[in-house]
Amino acid sequence: MLSPTDTTPRSATISVLVDNESGVLARVIGLFSGRGYNIDSLTVAPVDAAGMHSRINVVTSGTSMVIEQIKAQLDRLVPVHRVADLTMDGPHVARELALVKVIGTGEKRVEAMRIADTFRAHVVDTTLGSFVFELTGATDKIDAFIELMRDLGLAEVSRSGIAALARGSRVI
Amino acid sequence: MSAELTQSGAEILLRALKDQGVEVIFGYPGGAVLPIYDALFKQNAIRHVLVRQEGGAVHAAEGYARSTGKVGVVLVTSGPGATNAVTGLVDALMDSIPIICLTGQVPTHLIGNDAFQEADTTGITRPATKHNYLVKRGEDLARIVHEAFYVARSGRPGPVVIDLPKDIVINPAPYAEPTFSHPSYRPRTEPDLGQIAKAVALMKQAKRPMIYAGGGVINSGPQASETLTKLARLTGFPITNTLMGLGCYPASDPQFLGMLGMHGTYEANLAMHGCDMLLAVGARFDDRVTGRLNAFSQDSRKIHIDIDGSSINKNVPVEVPIIADAGKALDALLAAWEASDAPVDKPALATWWRQIDEWKAKDSLKFTQNMTRGSIIKPQYAIQRLFEITRARKQEVFITTEVGQHQMWAAQHFHFEKPNRWMTSGGLGTMGYGLPAAMGVQIAHPDALVIDIAGEASILMNIQEMGTLSQYRLPVKVFILNNQYMGMVRQWQELLHGSRYSETYSAALPDFVKLADAFHATGMRAQTVDELDDVINAMLDCPTAVIADIAVDQAENCFPMIPSGAAHNQMLLGPEHEASGVGVTDAGMALV
Ligand SMILES: Cc1cc2nc3c(=O)[nH]c(=O)nc-3n(C[C@H](O)[C@H](O)[C@H](O)COP(=O)(O)OP(=O)(O)OC[C@H]3O[C@@H](n4cnc5c(N)ncnc54)[C@H](O)[C@@H]3O)c2cc1C
Ligand SMILES: Cc1ncc(C[n+]2csc(CCOP(=O)(O)OP(=O)(O)O)c2C)c(N)n1
Ligand SMILES: [Mg+2]
């Protein structure tokens with residue numbers, strides 16, 4: 001049974017399968033803002049060949065009662081087919097992509113390149129004074145990379161937000 | 001588009017409405033909906049009721065829907081027509097009332113251009129509706145209308161907006177037959193029998209059981225009320241209703257403890273506080289009901305039947321959730337109770353009833369009316385007499401209310417034996433709801449007695465609908481408890497803000513008798529207790545719409561009252577009772 005006295009927040013990665021109709025993303029975002037829920041990350045894209053369905057991945061946080069409420073609220077939206085709490089339903093993989101622009105020359109430039117290598121980041125654009133690195137991975141890995149670039153000329157970051165799937169043969 | 005299409009979008013729209021069983025639309029015309037009004041003009045199957053403001057149309061449709069169990073239908077123009085409808089939509093959303101609201105829109109090619117009378121209606125109404133649609137292609141029109149009806153009435157009912165660009169209703173469109181399903185929206189209605197078994201086990205073990213039934217029982221249909229009544233009688237359990245649930249259980253039944261919550265009875269609230277098993281049916285643990293959450297019914301094991309999963313575990317965690325239609329779940333509970341041979345603790349139940357009867361003896365709704373000629377009328381007495389006199393006439397009575405003290409006194413002193421007879425704005429608490437709602441009820445029940453129990457402040461919020469009453473000869477009775485104050489707010493100011501009555505005096509009131517006259521209705525007035533019965537009788541005998549202006553005690557407060565942030569056992573009782581309860585805490589002051 002859920003307990004209102006359990007006030008420790010947890011993070012939850014929720015995947016929502018929706019009809020790809022106009023306004024559906026606004027509905028989901030409006031639900032979060034209107035009811036005061038957090039959105040730490042949000043991604044959306046069509047996921048079938050016909051473009052009929054989209055998958056929305058939301059990373060949110062709250063007490064267990066709040067997370068349950070978020071799922072129930074999402075589930076009752078008319079264009080929503082399925083809601084899955086990947087964090088609770090078993091192991092899952094979550095990845096995001098980041099493009100990171102670093103501007104610098106000399107020793108800092110070399111060091112940035114070296115660190116990018118260990119993180120398996122690719123250089124997708126380069127000039128004599130700048131790199132754009134492309135990096136995929138779990139959120140904490142990307143956070144760590146960006147943190148390291150801070151002293152090496154970090155100029156701009158663009159992140160995709162997370163895409164997530166359950167491990168094994170489970171599907172939502 | 002193929003050459004065989006012979007009907008315009010507007011005609012297709014009306015055909016779809018007709019196939020959905022629509023008999024009446026409440027609406028107001030304008031440029032964007034002219035083609036629809038033209039199509040209405042050319043047919044007789046659907047009746048249109050012209051309101052005086054779009055807000056009135058939505059409340060009228062709510063009254064129509066709540067008193068019939070059907071979907072209420074509204075038609076308004078783009079821009080200001082749609083924005084005027086928003087309050088009613090949120091009202092219907094909060095109170096789970098099925099409404100279809102058709103809004104005009106500028107033609108598709110002008111959308112986004114700040115065109116004349118353009119508003120982002122789907123954007124504005126997204127959080128105000130259960131769902132909304134913008135029809136972008138004629139071939140989607142009929143399907144969307146049918147889908148919208150399905151969405152509005154199934155699961156937890158609610159308002160649905162269909163935004164109709166003008167070109168869509170002008171151009172020819174194909175028809176599609178009604179559908180009764182939806183690819184993604186499939187609310188669960190059948191209960192899980194494992195959960196039912198768990199529920200019956202808890203109910204059988206109970207020593208201090210309690211049933212808490214709400215508006216969801218009424219949403220489920222009259223059959224659910226009958227099953228609930230059977231179940232309560234069979235188990236012998238005490239039962240209370242929320243404001244929205246009144247009528248789902250016969251008020252005259254000895255097992256009925258009256259309404260619970262902020263202005264509920266002493267016995268209902270203390271029984272909620274002290275029970276060891278709580279069966280909640282179609283009720284959403286609203287803050288007006290629970291009081292301070294961490295003190296709410298702490299010792300009870302809880303079963304919760306609700307068709308909407310998001311109502312369960314929202315405020316109060318429960319042990320046995322049952323996501324299902326109330327009627328179906330109650331049927332299953334009744335059958336499982338009858339089939340179970342687990343013993344019940346009869347002596348414990350008898351002790352519990354002795355305790356409840358002691359609480360009942362407190363007579364928490366008691367008030368004293370001075371019957372001497374010329375005495376001022378107590379508002380509770382006015383409602384008590386209205387109830388007694390209408391009951392004696394044995395006519396079918398429907399009551400609507402505005403919002404405020406009069407609404408609470410009506411809930412306490414007018415009693416209902418059947419569902420769908422009591423229409424009030426509970427969740428949003430919309431002043432101005434009662435008159436248009438009564439209009440909608442009277443349209444649906446032309447021969448019934450329909451009374452709006454009103455406050456002098458609320459009634460002015462939609463007073464223009466007196467014109468509609470007059471045009472359609474709807475004999476609605478407006479019974480104003482005139483205390484010359486926004487009484488409910490004044491009461492909070494008295495109790496919480498040192499009697500500083502900031503802006504709550506109803507200054508410069510109209511002469512309601514003359515106002516009735518101006519609208520071709522009949523006005524009457526009672527100023528003292530000796531005049532009351534005559535005015536009530538004259539009002540009920542009058543063939544036209546009536547405004548009865550009843551001058552009542554301005555200082556009267558509504559008790560019992562659980563102040564915001566207090567617990568059920570910290571109720572304030574009226575002056576008839578010795579001092580009781582608590583003051584308001586600082587945390588409570590910040591609540592509404
Ligand atoms: C001035 C004022 C004072 C108030 N004071 C009080 C008070 O003292 N006491 C009080 O009770 N209220 C009071 N209210 C009303 C209060 O704000 C709420 O509107 C009310 O308590 C909610 O009633 P409910 O729980 O029955 O839910 P409703 O709002 O009627 O909701 C119905 C519930 O049933 C569910 N449901 C719908 N259809 C079905 C179905 N077919 N099967 C099963 N479940 C279904 C819904 O999902 C929902 O959870 C007051 C309001 C005002 C304006
Ligand atoms: C549209 C709207 N505005 C404001 C309120 C806040 N409010 C609640 S009750 C009330 C006073 C109602 O006064 P009246 O209609 O005279 O009823 P009384 O309480 O005096 O019986 C007000 C202003 C509201 N519920 N609705
Ligand atoms: Mg008043």
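1. Starting with the contact between the two chains: in this predicted model, 18 residues of chain A and 22 residues of chain B take part. Chain A and chain B together bury about 1600 Å², and 57% of that lies on carbon and sulfur atoms. On the chain A side, A:R27, A:R76 and A:V78 lose the most area to chain B, and together they make up 37% of what that side buries.

2. How many salt bridges are there between chain A and chain B? The count is 1. A:R76 pairs with B:D308, with the closest N and O atoms 2.6 Å apart.

3. Which elements of chain A face chain B? Those giving two or more residues to that side are α1 (24-34), α2 (64-75) and β4 (80-85) of chain A. The most come from α2(A), which gives 4 residues. By residue class, the side of chain A that touches chain B divides into 9 nonpolar, 5 polar and 4 charged residues.

4. Now to ligand 1, which has 35 residues around it; B:G215, B:T242, B:R284, B:D306 and B:S311 are the closest. How much of ligand 1 does the protein cover? On its own ligand 1 has 980 Å² of accessible area, and the protein covers 96% of it.

5. For B:R284, a polar side-chain atom sits 2.7 Å from an oxygen atom of ligand 1. The backbone takes part as well: an N or O atom of the B:G426 backbone is 3.0 Å from an oxygen atom of ligand 1, and one of the B:I307 backbone is 3.3 Å from a nitrogen atom of ligand 1.

6. The shell around ligand 1 draws at least two residues from each of α10 (215-220), α13 (287-290) and α17 of chain B. Of the elements, α10(B) gives the most, with 4 residues. The shell around ligand 1 divides into 13 nonpolar, 15 polar and 7 charged residues.

7. Ligand 2 is surrounded by 17 residues, and the closest are B:Q405, B:H406, B:G429, B:S458 and B:G487. Here the polar pairs to check involve backbone atoms. An oxygen atom of ligand 2 lies 2.8 Å from a polar backbone atom of B:Q405, and an oxygen atom of ligand 2 is also 2.8 Å from a backbone N or O atom of B:Y485. With B:G429, a backbone N or O atom is 2.8 Å from a nitrogen atom of ligand 2. Taken alone, ligand 2 exposes 590 Å², of which the protein buries 76%.

8. Which elements give two or more residues to the shell around ligand 2? They are α17 (405-413) and α20 (487-496) of chain B. The largest share, 3 residues, is from α20(B). As for α17 of chain B, it also supplies at least two residues of the shell around ligand 1, so please look at that helix with both ligands displayed. The shell around ligand 2 holds 8 nonpolar residues, 8 polar residues and 1 charged residue.

Conventions. Residues numbered from 1 in each chain as written. Chains lettered and ligands numbered in written order. Predicted model: local features only at pLDDT ≥ 70, side-chain atom pairs only at ≥ 80, totals over all residues. Heavy atoms only, no water. Near = heavy atom within 4 Å. Polar contact = N/O pair within 3.5 Å; in protein donor to acceptor, adjacent residues only side chain to side chain. Areas by Shrake-Rupley, 256 points an atom, 1.4 Å probe, with all protein chains shown as cover. Nonpolar A, V, L, I, M, F, W, Y, C, P; charged D, E, K, R; others polar. Contact = heavy atoms within 4.5 Å. Buried area = accessible area lost by both parts, 1.4 Å probe. Salt bridge = Lys/Arg side-chain N within 4 Å of Asp/Glu carboxyl O.
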